[in-house]
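Opening the notebook on a new model today. I want to look at its cavities, its nonpolar cores and its aromatic pairs.

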Amino acid sequence: MRMSFLGSELPLIQAPMAGVQLSALTIAVCKAGGLGSLPCAMLSVEAMRKELAAIRAATERPFNVNFFVHTPPAADPLREASWRAAFAPYYREYGIDPESIPAGPGRAPFTAEAADALEEFKPAVVSFHFGLPPADLVRRMQKWGCKILASATTVDEARWLEAHGADAIIAQGVEAGGHRGNFLSDDISTQPGTFALVPQVVRAVKVPVIAAGGIADAKGVAAARALGASAVQIGTAYLLCPEATTSAVHRAALKSEAARNTALTNLFTGRPARGIVNRVMRELGPINAAAPAFPLATSAITPLRGKAEAQGRGDFSPLWSGQNATGCREIPAGELTRALAQGW
């Protein structure tokens with residue numbers, strides 16, 4: 001059997017999606033021949049180890065483990081207080097005491113401790129968002145035989161990643177759902193769409209390029225290949241699969257007309273991420289300068305999300321989705337993987 005450069009049968013990566021999946025989705029995609037991914041930004045080291053053990057017990061096929069590599073910001077009590085003041089009307093609406101809301105990071109960056117735990121499993125692929133970890137950690141994982149992938153939202157970022165040791169570049173178009181992977185500039189206007197970005201990155205680097213963003217069906221996969229991509233990464237299309245842990249309100253939004261209207265927003269974490277427009281995005285504006293630095297914005301909105309979701313509402317939920325949710329199908333992830341791969 002001919003294998004992709006990723007080690008998987010199919011040159012198709014299931015995008016790691018923190019908060020809406022654990023190992024079940026990873027396993028299903030791997031068994032279908034794709035490269036399943038496990039997102040670890042919201043997992044403790046102990047929880048990560050448990051999920052990795054579950055993957056290893058279920059399949060011998062290669063998989064990807066994904067991390068964020070942001071620098072945790074220093075706490076800023078004044079900015080946090082200002083941010084919570086913006087939510088004051090909502091706290092009153094839901095009877096929430098803002099003084100009772102604990103501060104919390106929300107998402108953790110890759111650390112040497114995580115690398116220590118990862119070494120036991122030596123995954124075939126490790127991918128990163130927001131750049132790359134220190135060079136010694138990159139070399140350490142490559143010595144295990146891991147391929148290192150990282151997201152680029154511009155040609156400059158792609159060149160930087162190649163120069164700093166990435167084995168392949170994920171060209172993340174602005175259509176993509178979830179967090180933007182930018183790390184050299186916060187200027188969103190510099191970030192092109194997938195089918196504009198991919199051929200430019202292909203020309204700019206010598207390593208393989210993986211197309212990501214707005215690819216929702218076999219025709220999109222074929223288009224990415226025609227533009228020079230060596231593989232594709234697809235996330236939004238998997239959100240309705242039974243193996244995903246997507247919440248009921250998130251699933252309902254994806255199946256509604258609302259899914260046609262997405263925007264980049266920093267309200268939920270402090271960094272731009274694409275999601276379906278909801279009440280809080282409309283009323284506070286999708287991008288709000290008052291938001292604390294990533295990921296400290298999360299704690300203020302978390303109790304509102306819980307209260308609203310208990311009533312079946314996604315008014316304060318991060319309804320992550322790419323611009324093209326038409327590929328979302330309520331079918332097993334393995335079946336979806338095989339259907340998408342028909343485009344290759």
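**Ground rules.** This is a predicted model, so I noted that local features need pLDDT of at least 70, side-chain atom pairs count only at pLDDT 80 or more, and totals for chains, interfaces and linings use all residues. Residues are numbered from 1 along each chain as its sequence is written, and side-chain values use heavy atoms, with hydrogens and water left out.

**Cavities.** I took a cavity as a set of points, on a 1 Å grid over the protein atoms alone, where a 1.4 Å probe fits but cannot get out; lining residues have an atom within 4 Å of a point. Volume is the space filled by probe spheres set on the points, which are joined across faces, edges and corners. How many cavities of 30 Å³ or more are there? I got 2.

I found 34 residues lining it, with Ala15, Pro16, Met17, Gly177 and Gly178 nearest its centre. Among the elements giving two or more residues to this lining are strands S3 (63-68), S4 (125-129) and S9 (231-234); strands here are DSSP runs (E, at least two residues) and helices are runs of H or I (at least four), numbered from the N terminus. By class I noted 17 nonpolar, 16 polar and 1 charged residues.

The second largest cavity is about 40 Å³. Its lining is Leu10, Pro11, Leu12, Val221, Val232, Ala341 and Trp344, and I sorted these into 7 nonpolar, no polar and no charged. Nonpolar covers Ala, Val, Leu, Ile, Met, Phe, Trp, Tyr, Cys and Pro; charged covers Asp, Glu, Lys and Arg; the others, Gly among them, are polar.

**Cores.** A nonpolar core is a set of buried Ala, Val, Leu, Ile, Met, Phe, Trp, Tyr and Cys residues joined through side-chain atoms within 4.5 Å. Buried means under 20% relative accessible area (1.4 Å probe, protein chains only). The largest core has 76 residues, and Phe67, Phe110, Phe128 and Tyr238 have the most contacts inside it. Helix H1 (residues 23-31) gives the most to this core, with 5 residues.

**Aromatic pairs.** Rings of Phe, Tyr and Trp (its six-membered ring) pair if their centres lie within 6.5 Å; planes under 30 degrees apart are stacked, over 60 edge-to-face, the rest tilted. I counted 13 pairs. Phe110 and Phe128 are edge-to-face, 5.2 Å centre to centre with 70 degrees between the planes. Phe110 is buried at 9% relative accessibility, and Phe128 at 0%.

Note on methods:
1 Å grid on protein atoms, 1.4 Å probe; cavity = no way out; pocket = protein on both sides within 12 Å on 5 of 7 lines; lining within 4 Å. Buried < 20%, exposed > 50% of the residue type's maximum accessible area, 1.4 Å probe, protein only.
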